[in-house]
Amino acid sequence: MALELDSVTVRYGRTAAVSDVSLTVADGEVVALLGPSGCGKSTLLRTIAGLEQPSSGSVAWDSSDLAGVPVHRREFGLVFQDGQLFPHRSVAGNVAFGLRMRRVDREERDKRVLALLELVGLEGYAQRRVTQLSGGEQQRVALARALAPSPRLLLLDEPLSALDRALREQLAVDLARLLREASTTALVVTHDHDEAFTLADRVAIMSRGRVVQVGPPAEVWSSPVDVETAKFLGCNKFVPGSFVGLPVGRVGLRATALRVDPAGPLEGTVLERVHRRDHVRLLVDIDGEEYEAVGPVSVGDRVRLAVDLDGVARVGGE
Ligand SMILES: Nc1ncnc2c1ncn2[C@@H]1O[C@H](COP(=O)(O)OP(=O)(O)OP(=O)(O)O)[C@@H](O)[C@H]1O
């Protein structure tokens with residue numbers, strides 16, 4: 001196991017920002033730490049980097065405890081939300097920085113810089129000033145700079161969240177591809193579940209300082225461990241499993257769980273059309289309860305509804 005956290009607790013004064021977290025990241029694996037604002041994700045990442053010290057528990061790499069190993073000796077790469085590039089250096093100067101620190105000779109350095117710029121899709125940008133780049137381009141440079149010294153672990157703290165939504169979605173796909181191409185072992189902090197599921201082999205859900213669930217994206221998406229996690233993953237309504245024909249105690253419904261379909265088993269009346277971020281949803285009354293649904297009908301229509309299982313989550317422990 002490459003990275004191993006064993007019962008890590010991090011306190012600021014009397015508050016524990018991280019409580020008793022045990023987590024592993026295998027060689028070549030990408031793990032996302034996903035959770036709402038303030039749940040302790042960044043604190044945990046900073047502790048792994050060596051920027052904070054655990055109050056108890058241990059952070060180990062290949063079974064060797066990292067307590068007392070300073071940040072720059074851990075051989076971990078760091079990428080933050082706003083890139084933190086050196087503004088007075090060119091793109092190439094930024095990417096080459098870690099290599100220069102390690103006294104890699106010039107010819108090899110130049111070769112590696114060009115290869116990395118190609119990897120992040122910035123061929124031809126070597127001599128540009130970083131202040132003349134867009135936010136997305138700057139994050140690509142930050143990533144190339146972090147990857148340049150071949151870190152054994154890449155730590156990314158909300159690497160895309162300063163960017164607008166469309167760019168973020170595109171860059172998440174690019175980032176997932178290039179982490180795999182470079183066989184990078186990485187831990188990514190994010191509060192955006194789409195981003196976590198696009199990037200990661202496994203997702204660790206954090207809540208109030210604790211890791212409450214770890215698993216592959218599909219498993220976490222379809223079977224969140226509790227109601228709070230299900231809500232965080234987009235479920236806005238909780239009903240008995242029998243409502244959607246599943247032999248389980250309780251399920252969470254996402255806005256896409258119900259779809260207008262003349263052959264569907266449920267029946268309701270359309271109350272309202274609601275505008276959501278990128279589409280229109282229906283608000284439907286079924287037996288006196290309101291549900292969101294997807295479909296092209298008008299207010300007042302009596303409709304039949306089918307269940308789309310991708311929009312349904314089995315809530316753990318139910
Ligand atoms: N330097 C600090 N001193 C005191 N408390 C801190 C410090 N840094 C973080 N905290 C507290 O620790 C808790 C966890 O913060 P952290 O930044 O790790 O959460 P997060 O999940 O990364 O949130 P966000 O996504 O908003 O950055 C919060 O309650 C925060 O107020």
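**Exercise 1.** State how the shell around the ligand divides by class, and name its residues.

*Solution.* By class, the shell comprises 3 nonpolar, 7 polar and 1 charged residues. Here Ala, Val, Leu, Ile, Met, Phe, Trp, Tyr, Cys and Pro count as nonpolar, Asp, Glu, Lys and Arg as charged, and the others, Gly among them, as polar. The model is predicted: local features need pLDDT of at least 70, side-chain atom pairs count only at pLDDT 80 or more, and totals for chains, interfaces and linings use all residues. Residue numbers start from 1 along each chain as its sequence is written. Around the ligand (C-beta atom, placed from the backbone, within 6 Å) stand Tyr12, Ala17, Gly35, Ser37, Gly38, Cys39, Gly40, Lys41, Ser42, Thr43 and His191. Helix α1 (residues 41–49) gives the most, with 3 residues; helices (H or I, at least four residues) and strands (E, at least two) are DSSP runs, numbered from the N terminus.

**Exercise 2.** Give the strand order of the open sheet and identify its edges.

*Solution.* The order of the 5 strands is β13-β17-β14-β15-β16, with antiparallel pairing; two strands pair if DSSP finds at least two bridges between them. β13 (258–260) and β16 (289–293) each have a single partner strand, so they are the edges, and one side of each lacks a neighbour in the sheet.

**Exercise 3.** Describe the pairing of β14 with β17.

*Solution.* Strand β14 (residues 266–275) runs antiparallel to strand β17 (residues 302–307), and 4 bridges join the two. Gly268 has Val303 as its bridge partner in β17.
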